[in-house]
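Work through the exercises below with the sequence and the model side by side. Try each task before reading its solution.

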Amino acid sequence: MTTISLATGQRSLGEPDISYPLWPPLTHGCPRTSSDAMSYPLEVDYDYTRVTSDFVTGQGRPRSGLDRWAPLLPPLAAPGLGEGGTPLIAIGDGVYVKDESRNPTWSHKDRLNRITVSAAVAVGAPGVVVASSGNHGASAAAYAARAGLRCVVLGSSELPPAVASFLSAYGAVVLPVETARRWPLTERIVEEFGFHPVSNLTPFHTGHAFGAEGYKTVAYEIAADIVDPGAVFVPTGYGELLFGIWKGFTELHRLGLLSRVPRLFSCEPAAGGPLAAALRQGLPATRVEVADTEAYGIACPVNSYRGVRAITGSGGRALTVDDEAMHRAQAELAGRGLWVELSSAAGLAGLRTLPDDETIEGPVVCVTTSSGFKDTRVGDHRLTPVDPSWESVRARLRAEGIRS
């Protein structure tokens, strides 16, 4: 049983025959297939012939954290925080919720940042830099602190309260700047200070070459809990999570450890929806105008080619959901004891808006990506004191439908 990485190199998603050495991680997409008009991401390739048949059951490997899946991940050079191993919760009628809010910084980004900060450690960088106004920045700050690295976050002056508190606690240097200046400043920080970039640097999102590999572990865990899932609904911004989940299932199917690759459904805010637009137009990526939406975490103006690969490769579909549908899904989840960020509810919202004649064979998984603490309106709700007399309390309870 091997517990070391079987990663062998980096491969272009735009042209799979083009490959590069594993080191250094390429952070601007594929140099040979990308241009000013289109950015093609990279993925990590592995020596799949050395993967053992008990990869999913994991006998002899750590039972928690990304370390359990080390053979099919880039080298884990940075210490972990117990990321992964999130629960799969049944909510009825064959529907399950993969609750990523249980990760150390309350979001799925911890799976990515364990990988990208590991890359920073492996190349000897003194710190990491990230352009983010949400979960990504908070997670990068945590994993940098864990690894003993500095972290610079180029964010927004309108950070959600929980995210701002996270960044402060971890000692990150937070620089609120306008969105258009974040990427150029990230490049300068990389050039002048030698920091490792752990967020995107290209016009059509490619992100870190290693990052999406961390999201494969969502698929591995689902496969360990549900033998044969029929579909997975994924809140989608740039599509890294969507791609990682698809690639994870594809690897298991390739290895004969899963009978099929479930259909993947991307769930974007109707206020934008660049992946849905790209697929409608038959394009690898496109740009859209984004209208107002409360789902700030996945309100993206461009898509990544990664998302196109995941949807077409799984026979899935790109869905768009409006804020009302996400609020309904958020309330449904809260009624089941799960409080998630509005963006996180997009997966269940997508499932609930499917037409009745679209059937799915097998269990369905809706991924929720982060905690309700991350929403922008957290802290706005104020309680009004009530008359503590029994008559007043009893009347209030009866008004809420509670009967003795």
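**Exercise 1. An aspartate in a loop**

Solution. The classes are buried (under 20% relative accessible area), exposed (over 50%) and partly exposed (in between), with a 1.4 Å probe and protein chains only. Step 2: aspartate 93 sits in the loop between β4 (88-92) and β5 (95-99). Helices (H or I, at least four residues) and strands (E, at least two) are DSSP runs, numbered from the N terminus. Step 3: the phi of aspartate 93 is near 55°, a positive value in a residue other than glycine.

Before going on, note the ground rules. This is a predicted model, in which local features need pLDDT of at least 70 and side-chain atom pairs count only at pLDDT 80 or more, while totals for chains, interfaces and linings use all residues. Residues are numbered from 1 along each chain as its sequence is written, and side-chain values use heavy atoms, leaving out hydrogens and water.

**Exercise 2. Two further backbone cases**

Task: describe the backbone at tryptophan 106 and at the bond from tryptophan 23 to proline 24.

Solution. Step 1: recall the background. Most residues other than glycine have a negative phi, and most peptide bonds are trans. Step 2: tryptophan 106 is not a glycine, yet its phi is positive, about 70°. Tryptophan 106 lies in the loop between β5 and α1. Its relative accessibility is 32%, so it counts as partly exposed. Step 3: the peptide bond from tryptophan 23 to proline 24 is cis, with omega near -5°. Proline 24 belongs to the loop between β2 (19-21) and β3.

**Exercise 3. The overall fold**

Task: characterise the protein chain as a whole.

Solution. Step 1: count the elements. The chain has 11 helices and 13 strands. Step 2: check the dimensions. A compact globule of 404 residues would have a radius of gyration near 22 Å, and the chain agrees, at 21 Å. The radius is taken over C-alpha atoms, and the rule is 2.2 Å times the number of residues to the power 0.38. Along the principal axes, the C-alpha atoms fill a box of roughly 75 × 50 × 45 Å. Step 3: look at burial and contacts. Of the 404 residues, 54% count as buried. Among contacts (heavy atoms within 4.5 Å) between residues at least 6 apart in sequence, 71% join residues at least 24 apart.

**Exercise 4. The largest nonpolar core**

Task: identify the residues with the most contacts inside the largest nonpolar core, and the elements that supply it.

Solution. A nonpolar core is a set of buried Ala, Val, Leu, Ile, Met, Phe, Trp, Tyr and Cys residues joined through side-chain atoms within 4.5 Å. Step 2: the largest has 55 residues, and Phe55, Val232, Val234, Ile245, Phe249 and Leu264 have the most contacts inside it. Step 3: at least two residues come from each of β3 (42-46), α1 (109-122), α5 (216-225), β10 (231-235), α6 (240-254), α8 (305-314) and β13 (364-368). α6 gives the most, with 7 residues. Step 4: another core of 26 residues lies apart from this one, and Ala295, Ala345, Leu348 and Leu354 are among its members. Step 5: return to isoleucine 245. Beyond its neighbours within four places in sequence, isoleucine 245 contacts Tyr215, Val218, Ala219, Val232, Val234, Leu264 and Val367.

**Exercise 5. Helix α5 and its lysine**

Task: how many residues of α5 are buried, and what does lysine 216 touch?

Solution. Step 1: α5 is mostly covered, with 8 of its 10 residues buried. These are Lys216, Thr217, Val218, Ala219, Tyr220, Glu221, Ile222 and Ala223. Their cover includes β3, β5, α1, α6 and β13. Step 2: lysine 216 is buried, because its relative accessible area is 0%. Step 3: leaving out residues up to four places away in sequence, lysine 216 touches Tyr46, Leu72, Leu73, Gly244, Lys247, Gly248 and Glu251.

**Exercise 6. A buried strand residue**

Solution. Step 3: residues up to four places away aside, its contacts include Val117, Ala120, Phe195 and Val198.
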